[in-house]
Amino acid sequence: MSKQFLAALFALLTLAPLSAQTPLRVAAAADLEPVLPPLLVQFEKNSGIHAEASYQASATLTTQIENGAPFDVFLSADLSFPKRLIDAGLADAAGSADSSTPITYARGTLVLWERKDSNLPPPSLDLLRSPALKRLAIANPDRAPYGRAAVAALHRLDLYDALKPRLVTAENIAQAAQFVDSANADAGLISLTSALTPRLSADGSYFVIPRDLYPPIEQGAVIVSNTKQRAAAHKLLDFLLSPAVQAELAKSGLTPVK
Amino acid sequence: MDWQAFVLSLRLATVTTAILLAIAVPLAALIVLGRGRWLAAVEALATLPMVLPPTVLGFFLLVLLGPRTAFGRGIAAMLGHPLAFSFDGLVVGSVIYSLPFAVQPLVAGFASVDTALVDAARLLGAGPVRLVSSILLPLARRSLLAAVVLSFLHTIGEFGVVLMLGGDIPGATRTLSIVLYDQVENFDYAAAGHTALLLLGLSALALAAVYATSQKRGRAGSA
């Protein structure tokens, strides 16, 4: 290998790639990872705007935006995180009826998921009452909206105290699904978006937790206030709220708001 | 300050370090004293855990140690409970995760021992155990110390593997690094600051104490 070749390789690896036009940067809650990518492709086709999404826990994205992360739009998995940014003057919902309230773009659905090869009864509220259920996976209730909903539902069913020693807490809803899919937990309270992914629908079955057992999991969107692409950000939010896309969301396990 | 998590982290790091030494000393001796190309493969394998992102390593362990593999079922039958979401599971994960930090300093230390001394000891009839205990370990004291310190601290600070394999159960798998991360993610920056400061302070004190005693002994030994 010649020295010139090595030098060229080094230059190639160290020089920053020439960037084209700045994309619209979307901070998206982790539960959108199975849902959003095809929608963003469609959005680019319709509007000519190239959007790139970063998927993280809503709490992490909130911290990043608070510390100046260059996002234009924040699609949270709940309303509290975007509200926190609005209250800090870092984000807004300008253009909607009330600019200080995040725009609800979808509602989440909590399901009880279990592997098909489990020895326990199929998923139902009775499964939650079964003493044979040794490990129930939930997402962290302190910050993951689905974890919060799971704990609320268990309280409503008067099962929380009985199940507390048997709960295993995952960092986020995707990890809670992994705990169950790897059979380390017997069942899990996860999102319908996870349960509908090809992998999980092949491995297991789910039971929709009755909606009156937990406060609605409203997913809110805001525009990051110091964005330089406000018009494009508005177009993305309008796109998400359009009837066609809302119908698309329903297929992926999110409840439309329109 | 979550003292239960603090004690748990110390216990995890102590158990992990003890097990790692029992594995890493013979392994490093084999790599340095042995002959054959396959030893390079052994050394590479022992260094490999550094490459994988810890959460990914944790995920693989979750699957490997879970009831869906014969290995996981065997271990569960032996222990009477599945490894995931238990302290024992964290020990297994930590040993694998921190293995390079125990093996690498020892290999470097053993390799720096004068081969003439090793050959002389061999000629005088010393077996491998005697070689390690009377020649390599005493002469590579600093490396042994480095291996202990790195394994211990690396386990205290370990996060990704515990996150994947632990399930955040107080007293069993909720370590201090998990508590610290939870505090940050819950925007409780004051508590996170206190926890981090205490952790850094205690570690700095412990390290200073370890290095101070080892220096004294080093000087006494060379005098």
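User: How many residues does helix α11 of chain A have, and how far does the helix reach from its first C-alpha to its last?

Analyst: This is a predicted model. Helix α11 of chain A runs over residues 230–241. At 1.5 Å a residue, 16 Å is expected, and the reach is close to that. The helix has 12 residues and reaches 17 Å.

User: Which residues of α11(A) are buried, and why are they on the same side?

Analyst: A residue counts as buried if 20 or more other C-beta atoms lie within 10 Å of its own. In α11(A), that holds for A232(A), A233(A), L236(A) and L240(A). They share a side because they cover an arc of only 105 degrees around the axis.

User: Where does the largest nonpolar core lie in relation to domain 1 and domain 2 of chain A?

Analyst: The core has 128 residues. Among those with the most contacts inside it are V73(A), L110(A) and A28(B). Domain 1 (20–107 + 218–251) and domain 2 (110–208) of chain A both give residues to this core, so it lies between them.

User: Which residues does L110(A) touch, not counting residues up to four places away in sequence?

Analyst: L110(A) is one of the residues with the most contacts inside the largest nonpolar core. Leaving out residues up to four places away in sequence, L110(A) touches Y146(A), A149(A), A150(A), A153(A), L189(A), S191(A), I209(A), Y214(A) and I217(A).

User: How many residues do domain 1 and domain 2 of chain A give to their contact?

Analyst: The centres of the two domains, taken over C-alpha atoms, are 28 Å apart. Domain 1 of chain A gives eight residues and domain 2 of chain A gives nine residues.

User: Which element gives the largest share of the side of chain B that touches chain A?

Analyst: The contact takes 16 residues from chain B and 13 residues from chain A. On the chain B side, α3 (54–64) and α10 (176–185) each give two or more residues. The largest share is three residues, and it comes from α3(B).

User: Is R11(B) buried, exposed or partly exposed?

Analyst: R11(B) is found in helix α1 (residues 3–33) of chain B. A buried residue needs 20 or more other C-beta atoms within 10 Å, and an exposed one has 12 or fewer. R11(B) has 14, so it is partly exposed.

Note on methods. Residues numbered from 1 in each chain as written. Chains lettered and ligands numbered in written order. Predicted model: local features only at pLDDT ≥ 70, side-chain atom pairs only at ≥ 80, totals over all residues. Contact = placed C-beta atoms within 7 Å. Helix = DSSP H or I, 4+ residues; strand = E, 2+ residues; numbered from the N terminus. Core = buried A, V, L, I, M, F, W, Y, C linked by C-beta atoms within 7 Å. Domains from an automatic or database assignment. Expected span 1.5 Å × (residues − 1). Arc of directions from axis to C-beta.
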